[in-house]
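User: I am new to this structure and would like to learn how to read it. Please take me through a few of its features.

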Amino acid sequence: MVDAAIRPTTDAAAEQVVAAAIDVERVNELLMGTWADTRREARAMVKDPAFWRDDSLAKDEHRERVLSQLHLLVENRAVHRAFPKRFGGEENNGANIAGFEELVVADPSLQIKSGVQWGLFGSAILQLGTEQHHEKWLPGVMDLSIPGAFAMTEIGHGSDVAAVGTTATYDPETEEFVINTPFRAATKEYLGNAALHGIAATVFAQLITNGVNHGVHCFYVPLRDERGDDLPGIGREDDGLKGGLNGIDNGRLSFDHVRVPRTNLLNRYGDVAPDGTYTSEIESPGRRFFTMLGTLVQGRVSLDGASSWASALGLHIAITYATQRRQFDGANGEETVLLDYGKHQRRLLPRLATTYAQIFAHDEFLQKFDGVFSGRTDTPEDREDLETLAAALKPLSTWHALDTLQEAREACGGAGFMFENRLVGLRQDLDIYVTFEGDNNILLQLVGKRLLTDFAGQFKGKDAAALAKYAVGQTAGKVFHGAGLRALGQAVADFGSTARSVELGLREEQQHELLTERVQQMVADIAGRLRAAGKDKVLGEKLFNENQAELIEAARAHGELLQWEAFTDAIRRIDDDDTLQVLTWLRDLFGLSLIEKHLAWHMINGRLSMQRAAAVSSYIDRLCARLRPHALELVQAFGYEPEHVRAPIASGIEQQRQDEARAYYAALEASGQAPVSEKVLKQKKR
């Protein structure tokens, strides 16, 4: 798309900016969300340097530091919020995730390792086990006397959990399950706590009893004896150095006919009697499997939030630096601040708008999660909605974090490449977020399938007349859009005026319409192409594969629409006019950036005229200029203090350097001792 020129903001553009000052405290309250108190409590805790990442440490020392930090979390009662009150917990699921996400600013390795211990290993026991399991193991999980691994992923199957190769075969003579890794590709891989610290694991395996495979279930499997030695049959390997998160002891686990008691099956959703009889309240194996996995959705929830806040931290650093660093002489004879350049605004401000949208969407997501896990809104439909929401938002926020941290790094030049300024380390550590807890593309495919199911559900039980009426409507719409009649109407209405294009077609209502129609049209088109397969599975697989990329893109558009709507809901809670104006500009920047990104689609499908499409990019430039004076306030509203940021270039040191340089040249000029520029000398001779 058209980008802003690489030039400073002009005086004319600056004059368009309304003199407004946002209420930073009010915006911070909105951003901190429903569990603001918990977030502030967590941020106060990690101001202690004992929680900070120490960049001087090698892998082994980093691992031990992070383990010691987990013990500090226990001492600070920062890990108990989701656990039952009878064990000293709070049964507050939303607060638990909110507090956990804030650990990303201390050290992402700390955040993820604590997530392995309490959010995965502990949660598997809590959510998949029954009271006997809770009594036996949860106290040790909570106080870290039982550090554990979450053994789901296999090197040969990755996100395809239903096809894992590890088996748990029941032996009725001894009333034990035999856990076995039948081939190398069934090795459990990439597991936090597996290489060194874990003394037990929750292992996902195919449950086989009386010759029948009942699908994947979860088992509690001890790994070490009381002396700390690996138990017989336990194979343990160290993953070694990784591309990031090297404070976590990721490793591999394999099992050579390891026996565990029958009661080590976490049997909330399926049980095996002493004689080997299998029972479950959920008759369908498929629904049983997805119900079990759904109880562990909090990993995706927390990654969505942590990624969004990591993006916020990166932008805090980059935008603070950009308001202080000067480069190249401007028309006034002084060097220009980086953020006064149109290109620099285009690099950072749309990403700032997206980060706001994601944080607002995440709070709504977290409310949904808390409602389901607290039991207030726990129905199969609510759980399915939660799964779909997690699969829609986690990919967008994790991809955005990588993009934002990389752009922030580049926007800070060589200073951004220095490890001490956080951006490089954050980018490395968050790299894995896009593929664990579900590969992003696979998650979006899940969303796409749900969109197709919901689309088909509109016609369930409808008669032929209703279907024919829909078909006629679709055809009429295709003709209207495809023939360019809408685009022609826009061009006539706009009379060649950018201002009219914006006023008539790019405000809130039109943004929502464009974003919504794109999702609806893409899903309808894909559904129409898949319908030809009927019950032919071979043709159905072929057609699905041909439309897979577009289905994933439709799911992504759906997630973007959810974020836009959450941003809009948030600004409607603002009663201060100046703050409302600035955040409306920021919301518009987010919405129009989405439209600009997919401008070709909107034009090909007749949703925007050529003129109105051109107005999108030019209006984005204007919004960036309007938001430029508020950029620093908007990142300050994230609420990060110096102990959270810990990046020298965002500490004010750059402003000191620039002030020192300007004072030096001013004093030199005033002394009359300044050397004469050769250019000035030649101009005088002309």
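The turns below go from model confidence to strands, a helix pair and an annotated domain.

User: What should I know before reading any feature?

Analyst: This is a predicted model, in which local features need pLDDT of at least 70 and side-chain atom pairs count only at pLDDT 80 or more, while totals for chains, interfaces and linings use all residues. Residues are numbered from 1 along each chain as its sequence is written, and side-chain values use heavy atoms, with hydrogens and water left out.

User: What does the chain average in pLDDT?

Analyst: pLDDT is the predictor's confidence in each residue, from 0 to 100. The chain averages 90, and 90% of the residues score at least 70. Residues 1–18 have a pLDDT below 50; beyond near neighbours in sequence, this stretch has 35 contacts in the model (contact means heavy atoms within 4.5 Å). Residues 471–498 stay under 50 as well, with 41 contacts beyond four places in sequence.

User: Which order do the strands take in the open sheet of three strands?

Analyst: Strands of a sheet pair through backbone hydrogen bonds, either parallel or antiparallel. Strands (E, at least two residues) and helices (H or I, at least four) are DSSP runs, numbered from the N terminus, and two strands pair if DSSP finds at least two bridges between them. Here the order is β4-β8-β7, with antiparallel pairing. The edge strands, each pairing on one side only, are β4 (188–191) and β7 (234–238). Five bridges join β7 to β8 (residues 251–255), and isoleucine 234 stands opposite phenylalanine 255 in β8.

User: Which residue takes a positive phi in the hairpin of β12 and β13?

Analyst: Glycine 333 does, with a phi near 90°, and the hairpin has five residues between its strands. Strand β12 (residues 326–329) pairs with β13 (residues 335–337) in the antiparallel sense over three bridges. Glutamine 327 stands opposite threonine 336 in β13.

User: At what angle do α14 and α18 pack?

Analyst: Axes are lines fitted to C-alpha atoms, for helices over the stretch in contact, and angles run from 0 to 180 degrees between N-to-C directions. Helix α14 (residues 440–457) and helix α18 (residues 508–530) pack at about 80°, with their axes 10 Å apart. That makes α14 roughly perpendicular to α18 (65 to 115 degrees). The contact is made by Leu451, Leu452 and Phe455 of α14 and Val523, Ala524, Ile526, Ala527 and Leu530 of α18.

User: Which residues does UniProt list for the domain "Acyl-CoA oxidase C-alpha1"?

Analyst: UniProt positions are given in the numbering used here, feature names are shortened, and annotations may be inferred rather than shown by experiment. The unreviewed entry lists residues 294–452. Over residues 294–452 the chain is 74% helix and 4% strand, with the end C-alpha atoms 20 Å apart.

How values were computed: Parallel < 35°, antiparallel > 145°, perpendicular 65-115°, else oblique.
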